[in-house]
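Please work through the exercises below with the sequence and the model at hand.

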Amino acid sequence: MIHQLRVYEIFEDTKPAFHARFRDHAARLMTDHGFAIRAMWETRTEVRTEFVYVLEWPDEATMQARWAAFMADEEWTRIKRETGATADGPLVGAIEDRVLRPVDYSPAL
């Protein structure tokens with residue numbers, strides 16, 4: 001079992017639109033594609049606001065295959081095109097992606 005940490009830079013002016021798109025579309029489509037979303041958070045530092053979530057996967061091959069299917073999904077492509085930016089600017093800035101592999105002394109999840 002592995003986990004994937006995703007960190008999205010989001011912007012105060014478009015934060016409501018970002019959350020609406022993720023809540024109403026991305027999370028639903030991810031679930032349809034076999035994603036296991038374990039938790040979601042919002043965090044803020046002095047320089048940026050971030051949306052952070054953790055996915056659980058049986059292995060990296062499954063993770064890669066399901067991400068490829070999700071990114072190729074026609075509905076998701078349309079939603080991104082229609083909601084990619086607002087009059088106030090883009091919904092997402094930098095995206096960080098990390099695969100988390102447990103160390104042998106990690107407590108069981």
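Two exercises with worked solutions follow.

The model is predicted, so local features need pLDDT of at least 70 and side-chain atom pairs count only at pLDDT 80 or more, while totals for chains, interfaces and linings use all residues. Residues are numbered from 1 along each chain as its sequence is written, and side-chain values use heavy atoms, with hydrogens and water left out.

**Exercise 1.** Determine which strands pair with S3 and why S3 is largely enclosed.

Solution. Strands are DSSP runs (E, at least two residues) and helices are runs of H or I (at least four), numbered from the N terminus; two strands pair if DSSP finds at least two bridges between them.

Step 1. S1 (residues 2-10) is joined to S3 in the antiparallel sense by nine bridges, with glutamine 4 opposite leucine 55.

Step 2. S2 (residues 36-44) is antiparallel to S3 over eight bridges; arginine 44 has threonine 49 as its bridge partner, and a hairpin of four residues connects S2 to S3.

**Exercise 2.** Describe the lining of the largest pocket by element and by class.

Solution. Step 1. Elements that give two or more residues to the lining are S1, H1 (15-32), H2 (60-72), H3 (74-83) and S6 (92-100).

Step 1. H1 contributes the most, with four residues.

Step 2. The lining divides into ten nonpolar, no polar and three charged residues.

Methods: Buried means under 20% relative accessible area, exposed over 50%, partly exposed in between (1.4 Å probe, protein chains only). Ala, Val, Leu, Ile, Met, Phe, Trp, Tyr, Cys and Pro count as nonpolar, Asp, Glu, Lys and Arg as charged, and the others, Gly among them, as polar.
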